Amino acid sequence: MDNIVIYNEKDRTFTINTKSSTYQMQVDEYGVLLHLYYGRRAVGCMDYLLTHADRGTITNIYDAGMNRHYSYDTLPQEYPVSGMGDMRSPALMVLNNDGSTASDLRFEGYEITDGKYSLKGLPAVYADASEAKTLAITLSDKASKLKVKLLYGILPGLDIITRAAIITNEGEEVRLEKVLSANLDFLTDKNKELITFYGRHGMERKLQREYIGHGEKTIINRRGSSHQHNPMMIVCDPDTTENSGVCYSMQFVYSGCFKGTCEKDQLDQVRLQLGLSDEKFSYPLKKGEEFVVPEVIMSYSDGGFSKLSHNLHSCIRKHVCRGYWRDIERPVLINSWEAFYFSFTGESLLGFCDEAAALGIDMLVLDDGWFGGRNDDNSSLGDWIVNEEKLGMPLPELVKRINDKGVKFGIWVEPEMISEESRLYKEHPDWALTIPGRAPVRGRNQLVLDFSRKEVVDHIFSMICDILDSANIEYVKWDFNRVIVDVYSRTASDQGKVLYDYVLGLYDFLERLNERYPKLLIEGCAGGGGRYDAGMMYYTPQIWLSDNTDAIDRLRIQYGSSFGYPISTMGAHVSAVPNEMNGRVTPLNTRSVTAMSGTFGYELDPKKLSEDDKNEIRNQVKTFKKYGSLIHNGTYYRLSSPFEKDYTAWLVVSEDKKEALLSAVITNERANPLPHYVKLAGLLDQTIYHNDDLGVDYSSDALMEVGIPLPNIMNEYAAYQWHFSAR
């Protein structure tokens, strides 16, 4: 771990080195922390990149005297602030006690330690002393007595640098009006492009790549849960592809409202930022108090998007996801929703279990409708008491009878929500986020509980634990089916705190749940993939990727998601056809091949299947159990884009490169079709690979240089899945 973080006293530079990249900052003559360089591994001082000139109509700090060549507005900032002449987007804006919004942060000191920092109350990348270093740089404002400790976590083997901060107030009360986690200024290469991941409910994380023009591009989550934008951004060169070219990423480790900006200024400099949304945010900080700024994961690749994704996948799989289920294969489950919706009994579930067990499925998940008086989605949220009358038996009896059939049991919950038609609401209407004197804004006929209040979190936690303690429940699906609108807490000392404190309450609940039930598998969900982020993955190692289970749409959703998140986090199931969201009919094999790029499971009623389909599902389950470890722990390659070609193909390669699983789906069948040659990647050079499904040997070099043709089987949405073994 030598030479990972270097402070050069002479140049006053901080240099961070990872396996393939270097990140450098400099404390200049005025104590301002400037950003110098982020790119391929380099040596020496890069302050020659700075240029000083009188640009006209710009401001100069007082310290510079008559030197009009020195301006915050033209220099690359490490953590830009408001009120010092940098007219680009600030990372920090503080409302001071005197009503001003100026901050003047100057270098105070630094510390280098072994291991990776952690954040109080917030998720963060973790790593031990043999894997990581931490650099902490303290900046202070002498006038306001505000201190900002910038935290840099370095995982050199993964080319990962994390950013976070701790803001401490040692003076009169101030308000934090804008707090971002990371800022990255690019001085050169004017023609850069930005990649973001937009969407809507049922069509999340579609890739958008665009030229960075002058002005500011913003992605924002105002909703608390966002199908519309994912908290991840990539800046790249115009010629960057999957396998070549330069790209940089930022990924937010946070599950609430966020804001990301990409700005090109009048000097053609590009600024990339990511952090908390400043809308409905105004956080008071009294003397002696501190504010913890959530983390951003950054990575750099000069080997294209594929290498960048590998960095991020490894980081999330091994250094964000935690606990018992991090590295082991997940159970193949079947969810009751599409089979029953709200209409079930204990006996019908037991029959459902028999059908599932006969297919080799490991777990039955009881979805919505098991609690309170819940027979539709208009009541009972918050009343986490088993409806034994509906089940016809106590939950422990049902679970035991299911377990006796060799099947595990899981259950659906939505702890953050409350129905107006519920016992809890009648007893505690003030526990909902509503604005006094105004009718609440409903979503799905439900309100949001005020998780910024500890007593609310504690009460719901106790109710959920009573359920989990009562029976052998081994899986929980944690849902969140609406956005947050009425941002008002009845007990908050300041309403500008509510959204941030809400997320702290959510994380507190999940942390305690993980501690109390260390072997409980929790799957996150927010109306599908509305809260699909690295923050939730710290507590839930898998997240329901989308409520849209159509195989063809899922190819697009999984493609975009794969840029930042590993397969092992993607909740993906085979559902019935016609698909309930778009009516599309796809072959059962195609649905299976697509869902195997995820945690794998089923959302259908086995009683409605033909014997041929049942036999096919038995084989699918066996296939996934055979290759599950390879799928979840291997290196993932995108081989084609579902937005650009008539087929979508992807590959997973084992760590030793001796095993690979190729999957492909034809998405646009044409008359008299030309052959589709799929180029593989990541194999051993000069090696023969045996296709275990076709019984044919192939040259690895030819597979990667020319590809393998997909046979034309004249079937709409045909799918292929082939396993290769090195000879």
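**View 1. N335 and V365 face each other across two paired strands.** N335 has V365 in β21 as its bridge partner. Strand β20 (residues 333–335) and strand β21 (residues 363–366) run parallel and share three bridges. Strands here are DSSP runs (E, at least two residues) and helices are too (H or I, at least four), numbered from the N terminus; two strands pair if DSSP finds at least two bridges between them. A word on the source: this is a predicted model in which local features need pLDDT of at least 70 and side-chain atom pairs count only at pLDDT 80 or more, while totals for chains, interfaces and linings use all residues. Residues are numbered from 1 along each chain as its sequence is written, and side-chain values use heavy atoms, with hydrogens and water left out.

**View 2. Zoom out from β20 and β21, and a parallel sheet comes into the picture.** Nine strands make up this open sheet, in the order β28-β27-β26-β25-β22-β21-β20-β30-β29. At the edges stand β28 (570–571) and β29 (574–575), each with a single partner strand, so one side of each has no neighbour in the sheet.

**View 3. Another open sheet has antiparallel pairing.** Its nine strands go β6-β7-β8-β9-β19-β15-β14-β11-β12. β6 (106–114) and β12 (203–211) are the edge strands, each with a single partner, so one side of each is left without a neighbour in the sheet. On average, neighbouring strands are turned by 20 degrees against each other, direction ignored; the axes behind that angle are lines fitted to C-alpha atoms, and angles in general run from 0 to 180 degrees between N-to-C directions. Seven bridges hold strand β15 (residues 247–253) to strand β19 (residues 290–301), and F252 sits opposite V296 in β19.

**View 4. Here is β11 with its partners β12 and β14.** Six of the eight residues of strand β11 (residues 193–200) are buried, meaning under 20% relative accessible area, with exposed being over 50% and partly exposed in between (1.4 Å probe, protein chains only). β11 and β12 pair antiparallel over seven bridges, with T196 opposite Q208 in β12. The two strands form a hairpin with two residues between them, and G202 in the turn has a positive phi of about 85 degrees. β11 also pairs antiparallel with strand β14 (residues 232–236), over three bridges, and I195 stands opposite I234 there.

View 5. On a 1 Å grid over the protein atoms alone, a cavity is a set of points where a 1.4 Å probe fits but cannot get out; a pocket is an open set with protein on both sides within 12 Å along at least five of seven lines; and lining residues have an atom within 4 Å of a point. Of the 17 residues lining this cavity, Y254, C257, L499, Y500 and V503 lie nearest its centre. Helix α8 (residues 498–516) gives the largest share of the lining, four residues.

**View 6. The largest pocket holds about 560 Å³ of space.** It has 23 lining residues, and E242, Y559, S640, S641 and E644 lie nearest its centre.

**View 7. K519 is found in the loop between α8 and β26 (521–524).** K519 counts as exposed because its relative accessibility is 56%. V476 is 43 residues from K519 in sequence and 11 Å from K519 in space, C-alpha to C-alpha.

Terms used: Grid points are joined across faces, edges and corners, and a volume is the space filled by probe spheres set on the points.
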